[in-house]
Amino acid sequence: MISNLKTPLFSATVLFALVLAGTAIAQDTTMDTGGAFDFYGQVSQGYLGYDDGEISQSYFPVDNDNSGSRIGVRYENTLGAGWGIGGRFEVGITPNSTSSVNLNTPVGSGYTIDKTNIRHLEVEFENDLVGNFAFGQGSMATDGITGIDFPNTTVVAGVSVKDSAASQLLRSVDGTLSGEIIADYYKNFVGRRLFRVRYDTPDFNGFMFSVAHGQDVLHDDDENVYSDIGGAL
């Protein structure tokens, strides 16, 4: 129970993030066929200090789980009759993510790259009058919807407890580390990136509507099927 757990006295990240060119480096390459590749990436490293009243621990460098380091490539081309085609492949590179380090697994305890590092692997067909259709690994309709803010501060204002120390173990009142982590108590019900089919309506004077249906194919322990609906102004 949460009542049997101590509240951490201090948990913070100084995300001096080596975020290049705002949040990314990009390089455009245009082909003779009219298609264009856009190579991009970002480095998002920082310092994490954590104190639960019993132990004080520092972690450096750590990767900001709110917007982690990544590399990727986009492709765009026209098909005619108002249609365009696009593709995207993106891989996360977060060896010491703030969502994985804690008092039992410090920085440098090991890192492997596997299929769960794939963030996007999708193809998209778009038309200004019909809308966009996306197929493959990518964002569901509600991915990131709870983090929308009108000032568009996004990552700059995103150093929340869940993002900065999500995997830190909570300590029981008897002084022992529990099996529960901070992220267990910060549910935002936001959508994920899944292998899905997604449709986005055209932009109607600033309003658009999205629907998606998919499944998690990157984690072997999740056989659920997900559907969601979202909208934006």
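Biologist: What makes strand E4, residues 45–51, largely enclosed by the rest of the structure?

Modeller: Five of its seven residues are buried. Buried means under 20% relative accessible area, so strand E4 counts as largely enclosed by the rest of the structure. Bear in mind that this is a predicted model.

Biologist: How do you know that E4 and strand E5 pair?

Modeller: Pairing needs at least two bridges between the strands. Six bridges join E4 to E5, residues 56–63, and the two run antiparallel. Therefore E4 and E5 count as paired. Take Gly 49: its bridge partner in E5 is Ser 58.

Biologist: What lies between E4 and E5 in the hairpin?

Modeller: Four residues lie between them. Gly 53, in the turn, has a positive phi of about 95°.

Biologist: Why is the aromatic pair of Phe 37 and Phe 39 called stacked?

Modeller: The structure holds five aromatic pairs, and Phe 37 with Phe 39 is one of them. Their centres are 6.2 Å apart, and the limit for a pair is within 6.5 Å. The angle between the planes is 25°.

Biologist: Why does Phe 37 count as partly exposed?

Modeller: Its relative accessibility is 28%. Buried is under 20% and exposed is over 50%, so a value in between is partly exposed. Phe 39, with a relative accessible area of 42%, is partly exposed by that rule.

Biologist: How do you know that Arg 74 lies over the face of Tyr 40?

Modeller: The distance from the ring centre is 4.2 Å. The cut-off is within 6 Å, and the charge must also be within 35 degrees of the ring normal. Arg 74 is listed as lying over the face of Tyr 40, so both conditions hold. Arg 192 lies over the face of Tyr 226, at 5.0 Å from the ring centre.

Biologist: Which residues lie nearest the centre of the second largest pocket?

Modeller: They are Glu 122, Glu 124, Glu 126, Asn 132 and Ala 134. The pocket holds about 480 Å³ of space and is lined by 26 residues. Strand E8, residues 118–127, gives the largest share of the lining, six residues.

Biologist: How many residues of each class are in the lining of the second largest pocket?

Modeller: Eleven are charged, nine polar and six nonpolar. Glu counts as charged, so Glu 122, Glu 124 and Glu 126 belong to the charged class.

Note on methods: Residues numbered from 1 in each chain as written. Predicted model: local features only at pLDDT ≥ 70, side-chain atom pairs only at ≥ 80, totals over all residues. Heavy atoms only, no water. 1 Å grid on protein atoms, 1.4 Å probe; cavity = no way out; pocket = protein on both sides within 12 Å on 5 of 7 lines; lining within 4 Å. Points joined across faces, edges and corners; volume = space filled by probe spheres on them. Phe/Tyr/Trp six-rings, centres within 6.5 Å; stacked < 30°, edge-to-face > 60°. Buried < 20%, exposed > 50% of the residue type's maximum accessible area, 1.4 Å probe, protein only.
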